[in-house]
Amino acid sequence: MVAEDRISQLEDTSVKELTTVRLRPETKAYLQSQSETLGVSLSQVINMILDGVVSMEMKPAADNKIKGIYDRIMSLFELHNINTVDMAKMLSGYGIKLSHLRNPDKFIDILSMDMIKEIADWFSINYKWIIGEANELYSPRDNTWYKDSYGFSLLLLEKSFRYSDLKVSVVKANNVSFENAEKLEEQYSRLYVGFILSYTSIVNGVSFTKYEVCEFQRWNYDKCRGYLRFIFYFLDSVRTKINCQGVSFNEEIVDGLMAGRLFPSTIKGMLSETWFIADRIGHIESNYDVEVNPVEYLNRFNRLIRLLRFGSSVSISDIEYTTKDFSYGWIIKYSCNGEFYTEFYHSLATGLDDIYDKFFVENPSKR
């Protein structure tokens, strides 16, 4: 038997043995725990461990770190269902070809910090996780809503114009009901509520679903409930423009999302139940559990909702964050009574207020 045939036979055998390996129950439980913690598949965890053991025996620590970067980058694309051909397209601006992706050493030779940071931005990931300097995949605190429901609602509005398939998932754990979270002591009924945004992103002609995990806070706390109810009120009022759904997962999944340890793309098949945000709004005119004037705050939302609702005399066709004359701001395109307008504002909130004041007449007593 020639050497080439023998090598081929050994490779075939090793593949067969690897796919039929049997794990002790305690070993499998540990690996599954690591899989959930890292947000990657069980087979990836096994591969990472085996690769790590071999690398530690054969290569210095610095090389192991570089190999870890390669593994984490590859896992990011895999978890977003992006194959190597499309991966090469996305990274073509850095001179990446298929041959680089199939050979870790070649890929590492061309790797740069600029590339790592751009990959992190594509997937809303902390770049320090990619280079092994952080345990958090992402920080839910990057998109906050507590004490600024209106600002968060404007963020959702702007994204709905940029991404027509934007989906807002309002996430809670299924271990405690909303009612019990309000009635019972917090130590027995702590309930966290947060948001996951998902939409189609396109990079160099390659489309994939991008996820953003936003802030989680306690429903038990009256101030948090107050700000959440304003967001629910807004989303329910503009439901024809922004797709929103209340979803529940087990407590471990919610904990993983809050800690930045779990990829949102891995939990789609783990949904426990759905619920309606409209059921949690309550009597919005009596929502005084916020740290601002509740009457004025509600009026800001009502003005925004009236501006956006179907049948309004004003129709907003686009909102885009951009630059003009060396400064950043928003271009708002809209029409009213057959006339079309394009205006630039440094503040989105100021721009929407200005448009409202131009075309709507209110009863001063209700302002």
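**Sheet, helices and a few side chains: the reasoning**

In this predicted model, three strands make an open, antiparallel sheet, ordered E6-E7-E8.

User: What makes E6 and E8 the edges of the sheet?

Analyst: Strand E6 (314-324) and strand E8 (339-345) each have a single partner strand, so one side of each has no neighbour in the sheet. From one strand to the next, the twist averages 15°.

User: How do you know that E7 and E8 pair?

Analyst: Pairing takes at least two bridges. Strand E7 (residues 327-336) and E8 share 7 bridges, in the antiparallel sense. E7 and E8 therefore count as paired.

User: Which residue in E8 is the bridge partner of Ser335?

Analyst: Phe340 is the partner of Ser335.

User: Which strands does helix H10 touch?

Analyst: Helix H10 (residues 149-162) packs on the sheet and touches E6 and E7. The direction of H10 makes about 95° with that of E6.

User: Where does helix H16 lie?

Analyst: Helix H16 (residues 348-359) lies across E6, E7 and E8. H16 runs at about 25° to E7.

User: How do H10 and helix H13 pack, and at what angle?

Analyst: H10 and H13 (residues 222-237) pack at about 30°, and their axes are 9 Å apart. The crossing is right-handed. On the H10 side, the contact is made by Ser149, Phe152, Ser153, Leu156 and Leu157. From H13 come Tyr227, Leu228, Phe230, Ile231, Phe234 and Leu235.

User: Why is Ser265 called buried?

Analyst: Buried means under 20% relative accessible area. Ser265 has 15%, so the label holds. Ser265 sits in the loop between helix H14 (251-258) and strand E5 (273-275).

User: What makes the pair of Ser265 and Leu79 a polar contact?

Analyst: The cut-off is 3.5 Å, for a pair of N or O atoms able to donate and accept a hydrogen. A polar atom of the Ser265 side chain lies 3.3 Å from the backbone oxygen of Leu79. That distance is within the cut-off. Setting aside neighbours within four places in sequence, Ser265 is in contact with Leu79 and Tyr211.

User: How many disulfides does the rule give?

Analyst: A disulfide needs two cysteine sulfur atoms within 2.5 Å. The count comes to 0.

Key: Residues are numbered from 1 along each chain as its sequence is written. This is a predicted model: local features need pLDDT of at least 70, side-chain atom pairs count only at pLDDT 80 or more; totals for chains, interfaces and linings use all residues. Side-chain values use heavy atoms; hydrogens and water are left out. Helices (H or I, at least four residues) and strands (E, at least two) are DSSP runs, numbered from the N terminus. Axes are lines fitted to C-alpha atoms, for helices over the stretch in contact, and angles run from 0 to 180 degrees between N-to-C directions. Contact means heavy atoms within 4.5 Å. Buried means under 20% relative accessible area, exposed over 50%, partly exposed in between (1.4 Å probe, protein chains only). A crossing is left-handed if the near helix is turned anticlockwise from the far one by less than a right angle, and right-handed if clockwise.
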